[in-house]
Each structure stands twice: as C-alpha cells, then as structure tokens.
Amino acid sequence: MKRLILIAAASLLALAPAAQADDMPANWTKPTKPYRVVGNIYYVGAEGISSWLITSSEGHVVLDGGPNAETGKLVERNITALGFQLTDVKILINSHAHYDHAGGLAQLKADTGAKLWISRGDAPAMTAGHHIGDNIYGATPMPAARPDRTFGDQTKLKLGEIAMVAHLTPGHTIGCTSWTTAVVEKGRPLNVTFPCSLSVAGNVLVGNKTHRTIVADYRASFAKLRAIPTDVMLPAHEEQGNLLAKRQKQLRGDANAFVDPTELARFVDASEAAFNKELARQQAAGPSR
C-alpha cells in the first residue's frame, strides 16, 4: 500500500503543469535512446516526457519539445542519432501549452527552421511564454515561441505520406490538442492516437475566470476521445502509457508491444474518475478566491 501511495504521489507531481524547473522530476530531462515505435513514428523524447518524430519522404513532423531548451537539444540529438536530418523537420506541433511539453519548441524552431502549428486556444500561452488559465500553481513560464499557424478542430496536417488530424480536447489547457494518424506496420493498418493530457493538474474547476467552460470542456473531451478508434495510444507522459515497459517488450521481440485497442478507453476512464473526484472536492470547498 505504501508503495502504491508513493507511485500515485509521483504521478501527480509529473502531471502538475507548474512544477518549477528546479523541482521537475529528473526523468523529464534524462536522455534515453530513441527508437521506432510503429510505422513511421519514432520516440525522440527524454525518458519521462514524450516527444514524437513522424517521418515522410517530403519532410518530418515533431510533436512536443519537452520542458526547456536543453530538452529541445536532446530531441534534436535523438533525431540525428536515428539518421534523420534536422533540416528535414518541417513542422512542429504541440499537445498543449504547458512548459513541460512546449518549453523546448522555441529551441527546435530556431535550430530546424520548421513552422510551428499551435491550436488557437493555446496560441496566446505559447506567444506569451506562460500557461494561461486559473491554476493553483500560477502561470508557469516557458520559452515563448510565435506560432506560424493557428488552427481549430479537425484541422488536417498533410506532409508527404503523413496525414494527421487535430482533435481539440480542451480542459487540461484551453487549447489541448489530441492528434491522430494512421500507419502500416508489417502490412497491418493501425490507428494511432496521441491524446492530450486529461488530468486536472492544479486547474481551478470551480469559478475559473480565465477558462469559464473548463468543466464542460473536460467532459466533452472525455466523450470525444472515447469515440476515436485507436490501436496504438502514444501519450505525453511516459507513465500514462507505460512506455518504458512496452519498449522492453518490443526489444524482447514482441511486435505488438505498443498495440492495445482498449488502452485509450482505460486511460479516459481513469482520467474521468480522477476529474470527478477532484471536481467534487473543489465544489465542497467552494469557489477559489
């Protein structure tokens, strides 16, 4: 029981958007060897914070850049270690504008010359260089980066063989974006979803003045994600999808280590249960002052 409590506490810390740089978990900047997941999708992030490379014959896409310039450089090293050129990275995208996922995008943008796509809801945070929305941790700073394109729900990203769709799933942030794509792995078609985080992570749910629809947005996002057919779920945090364990299974020869058509539904169910519990707690406590 004690071990479970410690694990739960560590998970809550990892999901909090506003842990300052000195307090962030060590694995958020810990280097790890990059690898191919399925199809044309590669893991290029730090051990505990995901960054994804999606490749094509006409250029590549990077999703998320880690918490700071250091992890932006780490992502770059992982890309080149796989044999790809940084100059072939043409588009940068983001799951959400919290520093732990967006802090490295400015560095990646400067070094690759890629265009930065950010949802309209999260563009103000990315431009200002801090989280927007009432949160008990405040407006956590991150390196600012001006988007080259802003977009809305169901926007399609097409680059060579890459075809991705943006699904706005707000709540965790105002412009939280889940991305989907399809790949072929050894002749087998697979639907891949990169879900935006669904945790409360310090968000004010009662009386949120800068995100007034936050509760309705969370609930709509739970429903939207449940409806997306998904064979492979690739989350923003390692522990949200047990990525390290799956990678070890893959190294042992399990070709289906990352394939689980039930995983996204379980992730949403657990997230919704935690949300409902926190909402009830905040409602009992009354509006924040």
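Analyst: Five strands make up an open sheet of mixed pairing, ordered E8-E9-E10-E11-E12. E8 and strand E12 (232-233) are at the edges with a single partner strand each, so one side of each has no neighbour in the sheet. The model is predicted: local features need pLDDT of at least 70, side-chain atom pairs count only at pLDDT 80 or more, and totals for chains, interfaces and linings use all residues. Residues are numbered from 1 along each chain as its sequence is written, and side-chain values use heavy atoms, with hydrogens and water left out.

User: What makes E8 and E9 strands that pair?

Analyst: Strands (E, at least two residues) are DSSP runs, numbered from the N terminus. Two strands pair if DSSP finds at least two bridges between them. Strand E8 (residues 156-159) and E9 have four bridges, in the antiparallel sense, so they pair by that definition. Lysine 156 is opposite valine 165 in E9, and leucine 157 has methionine 164 as its bridge partner.

User: Which residue in the turn between E8 and E9 has a positive phi?

Analyst: Glycine 160, at about 55°; two residues lie between the strands of this hairpin.

User: How do you know that E9 also pairs with E10?

Analyst: Five bridges join E9 to strand E10 (residues 177-185), and the two run antiparallel. Methionine 164 is opposite threonine 181 in E10.

User: Why is E9 called largely enclosed?

Analyst: Buried means under 20% relative accessible area (exposed is over 50%, partly exposed in between; 1.4 Å probe, protein chains only). Five of the seven residues of E9 (residues 162-168) are buried, so the rest of the structure largely encloses this strand.
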